[in-house]
Amino acid sequence: MSQNHSKKIRVVLVDVDGTLIDTNDAHAHAWVAAFAESGKEVPFAAVRPLIGMGGDQLLPKVVGIEKDTEEGKAISDAWTRLFKERYLPTAQPFPGAADLLQRIHDQGIKIVAATSGEEDLADALLDKVGVRDLLTARTSSADAKRSKPAPDLIEAALTKGGSTADEAIMLGDTPYDIEAAKAAGVGVIAFRCGGFPPVTLQGALAIYDDPADLLLHWDSSPLAKMSP
């Protein structure tokens, strides 16, 4: 990792889905249903490992359709509608999600939610976690031309947080978080709660079960070592 750890952390970039709230399976099921509405049979197992990428990356990989085509837009719109109708109402934060962000905030560190979701959906998820008032800023799909694993979103989050890469650290749950952050020069603390095999998270600075696990081990974590 190219990050220079001699500087103190001024900003924590936080992924939302799969990191703060248990929605990765739900997103995959919503994609399967959206594909089915367009007449495409796609198994859950083909979609689930790609959750964490945006639709601009997932659609071409799964069905060979670009998101900005008419069909791609229709499938993406169906995914958003199905997720909001079927899964958002029962989505639950992971243990310790709000408490962890409160601890980070209390340390005087800015928090930027680094999500590629649409603004209203990102806000709804953050409200579920109960942390919107702790955020300095948040990104959305409008802030990046390409979603993760491209670094665009991480770079946009750094700009919104007023931070350079070596003054930031990211909390994420997918190999795409790690790849995107690494390309932007940012180190990642990864969580297993997103459901990805631990071997795919090996590029992280440290790996914890979930937000509560990181909070429990705060004093030995990279966050404590690099806090102001």
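The model is predicted: local features need pLDDT of at least 70, side-chain atom pairs count only at pLDDT 80 or more, and totals for chains, interfaces and linings use all residues. Residues are numbered from 1 along each chain as its sequence is written, and side-chain values use heavy atoms, leaving out hydrogens and water.

- Buried means under 20% relative accessible area, with exposed over 50% and partly exposed in between (1.4 Å probe, protein chains only).
- V12 is in contact (heavy atoms within 4.5 Å) with I104, I109, K110, I111, V112, I169, L171 and L223, leaving aside neighbours within four places in sequence.

**Helix pair**
- Helices (H or I, at least four residues) and strands (E, at least two) are DSSP runs, numbered from the N terminus.
- The axes of α1 and α4 (residues 70-87) come within 8 Å and cross at roughly 130 degrees. Axes are lines fitted to C-alpha atoms over the stretch in contact, with angles from 0 to 180 degrees between N-to-C directions.
- On the α1 side, the contact includes W31 and F35; on the α4 side, it includes W79 and F83.

**Loop residue S116**
- S116 is found in the loop between β2 (110-113) and α6 (119-129).
- S116 is partly exposed, at 26% relative accessible area.
- S116 and D143 are 27 residues apart in sequence and 7.9 Å apart in space, C-alpha to C-alpha.
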